[in-house]
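Good morning, everyone. Please bring up the structure on your screens, and we will walk through it piece by piece.

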Amino acid sequence: MNDSQPDNQLTSILIVDDTPDNLYLLSAMLTEQGYNVRCVINGSAAIMAAIADPPDLILLDIRMPQMSGYDVCKQLKSSERTRDIPVIFLSALNEVFDKIQAFEVGGLDYITKPFEIREVLARIKNQLNLQSAKLQIQKLNTELEQRVRERTKELEQANLRLLHNASHDALTGLPNRVFFMERLMAVLAYTHTYPSSQFAVLFLDCDDFKVVNDSLGHLAGDQLLKAVAQRLADCINPNYTLARFEGDEFTVLLEQIESVDEATLLAETIQQALSKSFLLHEHEVFINTSIGIVLGNVEYEQPEHLLRDADTAMYQAKTLGKARYQVFNQDMHTRALTRLQLENDLRRAIDRQEFIVYYQPIICLLTGRISSFEALVRWKHPQRGLVPPNDFIPIAEATGLIIPLGFWVLENSCRQLKLWQEKSAQRGEIFDITMSVNLSVKQFSQPNLIEQIDQVLESLQLDSKNLKLEITETAIMDNPELASELFEQLKARQIQLSLDDFGTGYSSLSYLHRFPLDIIKIDRSFISNLDSMEKNLEVVQAILNLAHHLGMSVVAEGIENQEQLSLLRLLGCELAQGYLFAKPLDTEAAETLFFSHPKW
């Protein structure tokens, strides 16, 4: 074989010619070059041979009896099995050769007789290379199309995953806020089309979930959320939509309900299911949930309003003691708006100097004279007048505004005490009155509390022993280590410490023994029926005995009549405070009262 031998030894060629000499010459020449050659002498045989075993290339004589090469080629191109086989026409130089017709019926090239070997081989090789390239391109296209299909499928699956991830919570697998809001909008739209239909939204918040995170860690908290989600899913009808809204909050959408009873029944079922313990890393954990319920109807325009009202009802449930559900009513919304307005006004009230300090005297029962004043903040609202402390102190606590407000009260009450001291000195009178200032839980946890107190006392040149700080049991119980450290620093400054509202909180006797308290204030709830309820009398006597045993004095709050005063003196109570002596007074009235030297 010479250098022009084809690369593929199995390339097959079908020669169609009615002249045996031509068949022999071409067959011998091509066989020598390594081609697999088959020969036929007419058109019919050519078609049968090509269909039975399609060759890689056909050499087709034009002039043949019965069926010309044009007709043979035309039939081959009409068959799906043979249409892609390249055809080279064979024609003698003296024959009339219609090249246009040859190309129109599907021929790709032609060779004239007598044959010149190099030309024949070159044209055959050229067509085979073109065919090979064509097949390669087809193969590549097929592979590319397959890859495109696979990639398209992967992208579709990726898009589905992205859509799922965008609408579902990664931790619990539940639908998320986005999914829930879209579903809620659809249901609301349906309700506007069919006004008689009703639905409900439940807004759930896990009570004291932060305790689990803080004590067992966030991994345990995540495990608890997954367990809660599973229990909720077990309670929920498949036709309802359960979602993890955010954090430890979940929502449920109940569609096509007859009445709110379906929602309240579900809330009861959920609370019963969550009342059973959870096992987290070998720790048994109990958790409750507060649930707000809102009944959806055509009156609602925006899904956000539904969630707002459900959230309002949920917080009402928390306010009433947690582990319960509340159905929203319009009064809740009115109260929420009022609270929001108060919060906004409260944020501006300090800068606008709308707060004033009132003073209520604390009486020494041994002498009957004023021993101290308790500083009590009041808010003089420009439109509402005097706002009761119970209306704004909880808001100040919740928003953190109690911190700057508490410092303002400390500074202003100490300044007033200093002014009274100076006025007493001008009058030549002895001044041994102290000022009692309340510290909130949030103030108590501030790292710069001691620094602030020192700053106030130093700027006013006020002796620290004239200051008493009143704290609640909650402040001590929330962080006993911090309380112990602060108490030591305050005692080192001779600042007296008073435990406020004793008997209404934890009332841990071990804490009374542990901390260096000077005074215990008995809550007014024990004093109000002191003269008519024997149990209250026994409780007060027990508190007095305990306090005296620990070296502490006792202030009885809420004294309103002479009988209560007489009983407290008889029991050995040192100090008293209440309307019997005076209501909280503004600065001028308190000053007038003090310098009149009253005695009870």
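Start at strand 1, which covers residues 12-16 and includes Ser12. Keep in mind that this is a predicted model. Is Ser12 buried or exposed? Its relative accessibility is 11%, so Ser12 counts as buried. Look at what surrounds it. Leaving aside residues up to four places away in sequence, Ser12 touches Asn36, Pro54, Pro55, Asp56 and Leu57.

Now zoom out. The protein is divided into domain 1 (12-137), domain 2 (177-328) and domain 3 (340-596). How far apart are the C-alpha centres of domain 1 and domain 3? They lie 115 Å apart.

Strand 6 (residues 199-206) and strand 8 (residues 249-254) run antiparallel and are joined by six bridges. For Leu202, the bridge partner in strand 8 is Val252.

Now a helix. Thr269 sits in helix 9 (residues 261-274). With 34% relative accessibility, Thr269 counts as partly exposed. Thr269 is 233 residues from Phe502 in sequence, and 38 Å from it in space, C-alpha to C-alpha.

On to the rings. How many aromatic pairs does the structure hold? There are 17. Take Phe373 and Phe594. Their ring centres are 6.4 Å apart and their planes are at 65°, so this pair is edge-to-face. Phe373 lies in strand 14 (residues 370-381) and Phe594 in helix 22 (residues 587-595), so the pair ties together parts 221 residues apart in sequence. Both Phe373 and Phe594 are buried.

Compare Phe581 and Trp600. Here the centres are 5.4 Å apart and the planes at 80°, so this pair is edge-to-face. Phe581 lies in the loop between strand 21 (575-577) and helix 22, and Trp600 in the segment after helix 22. Phe581 is buried, at 8% relative accessibility. Trp600 is partly exposed, at 28%.

There is also an aromatic cluster, formed by Tyr359, Phe373, Trp420, Phe431, Phe594 and Phe595.

Last, charges over rings. Arg123 lies over the face of Tyr110, 5.8 Å from the ring centre. The charged end of Arg231 sits over the ring of Phe278, at 3.7 Å from its centre.

Notes:
Residues numbered from 1 in each chain as written. Predicted model: local features only at pLDDT ≥ 70, side-chain atom pairs only at ≥ 80, totals over all residues. Heavy atoms only, no water. Domains from an automatic or database assignment. Helix = DSSP H or I, 4+ residues; strand = E, 2+ residues; numbered from the N terminus. Buried < 20%, exposed > 50% of the residue type's maximum accessible area, 1.4 Å probe, protein only. Contact = heavy atoms within 4.5 Å. Pairing = 2+ DSSP bridges. Phe/Tyr/Trp six-rings, centres within 6.5 Å; stacked < 30°, edge-to-face > 60°. Lys NZ or Arg CZ within 6 Å of the ring centre and 35° of its normal.
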